[in-house]
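Student: I would like to learn how to read charged side chains in a model. Could we work through some cases?

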Amino acid sequence: GILEAVDEAFRIARETPIRLQISHLKIGYAVNWPKFPALLDRLDRARAAGLDFRCDRYPYVAWATSLSLFFPLWSREGTAEDFISRLRDPSLQDRLRAEVLVKEKELGSWDKVLISSVATDKNRPLEGMNILDASVRAGKAPYDFMRDLLVEETGRVGMITFGMSEDHLKVLLAHPLVGVGADGSAVAPYGPLAAGKPHPRFYGTFPRVLGKYVREEKVVPLEEIVRKMTNMPAAHLGFVRRGMLKVGWAADVCVFDPERVIDKATFTEPAVYPAGIRQVVVNGEV
């Protein structure tokens, strides 16, 4: 539904006096990758028509969300308790299994899905494992393993799924209307925010773009990517006196070494700070 979703977003932006932000623009599953030229065409045509919009993208080919996403929408309607009761219902198992197997065909294999977080200590060792290995270890078919895990965790299971194109990523990072967004949450490698194995984008998004895609692969010039990380999103979101280094503006400054900056976070060890960041100043405070 990527093309339909973009069409809908553009229609709303045309019909209302609001700016449009298409967040974490991407196409999931290889079966959908042939839609990419049509997606780019829609962006270019909307831009030529004068529509005020921007997009953003994180520099990874895996996304992160809840494991429950593999289960059909009808099964997830209502409360968490409603979802769990449907997972427990013997009369719904054949229907649920058939719909989840459709997702497996889109994926290719369950080894492309990592368990990133669970709620209970009992299942904590599963964090960082892929669904295929974890189900084999549990002696269950992947569907049965995921269903049982969601029931045990009352639906609170995070996942990371590999299903995007590296070539598409590079084209989008270079597109004049696509900025950089982490699509992450506030985390830390200590205290209560250290739980689970989150997507490495939480720690590595901006340094990865600067190191891998600017310095190493030269996908985008340094000055242009800095604009895409600062002035472009700040201006589009309507932030006042932010996004550029100007007298009288907020002193939000990141000092980095362009020859050294790089992400260190990985999918197995995500809570690792980047290299090459010398100093960060927010509102004038170091």
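This is a predicted model: local features need pLDDT of at least 70, side-chain atom pairs count only at pLDDT 80 or more; totals for chains, interfaces and linings use all residues.

Student: How many salt bridges does a search of the whole structure find?

Tutor: Side chains of opposite charge can pair when their charged atoms come close. The search finds 22 salt bridges here. One of them joins R201 and D183, at 3.3 Å from N to O. R201 lies in helix α9 and D183 in the loop between β6 and α9, so the pair ties together parts 18 residues apart in sequence.

Student: Is R201 buried or exposed?

Tutor: R201 counts as buried because its relative accessibility is 4%, and the cut-off for buried is under 20%.

Student: Which residue pairs with D252?

Tutor: R242 does, with the closest N and O atoms 2.5 Å apart. Both residues sit in the loop between α11 and β7, 10 residues apart. Salt bridges can also share partners: R97, K140, D144, R147 and D148 are joined into one network in this way.

Student: What is the nearest side chain of opposite charge to E153?

Tutor: That is R156, 5.7 Å away. A salt bridge needs the nitrogen and oxygen within 4 Å, and E153, although buried, has none. The E153 side chain does make a polar contact with the side chain of N123, at 2.5 Å.

Student: Which residues make the nonpolar surface patch?

Tutor: I277, V280 and V282 make the patch, which covers about 220 Å². V280 belongs to strand β8 and is partly exposed, at 44% relative accessibility.

Notes
Residues are numbered from 1 along each chain as its sequence is written. Side-chain values use heavy atoms; hydrogens and water are left out. Patches are made of residues with over 30% relative accessible area and no salt bridge: like charges are joined within 9 Å, nonpolar side chains (Val, Leu, Ile, Met, Phe, Trp, Tyr) within 5 Å. Accessible areas come from the Shrake-Rupley method with a 1.4 Å probe; for residues, only the protein chains shown count as cover. Helices (H or I, at least four residues) and strands (E, at least two) are DSSP runs, numbered from the N terminus. Buried means under 20% relative accessible area, exposed over 50%, partly exposed in between (1.4 Å probe, protein chains only). Lys and Arg count as positive and Asp and Glu as negative; His and the chain ends are not counted. A polar contact is a pair of N or O atoms within 3.5 Å; within protein, one must be able to donate a hydrogen and the other to accept it, and residues adjacent in sequence count only if both atoms are side-chain atoms.
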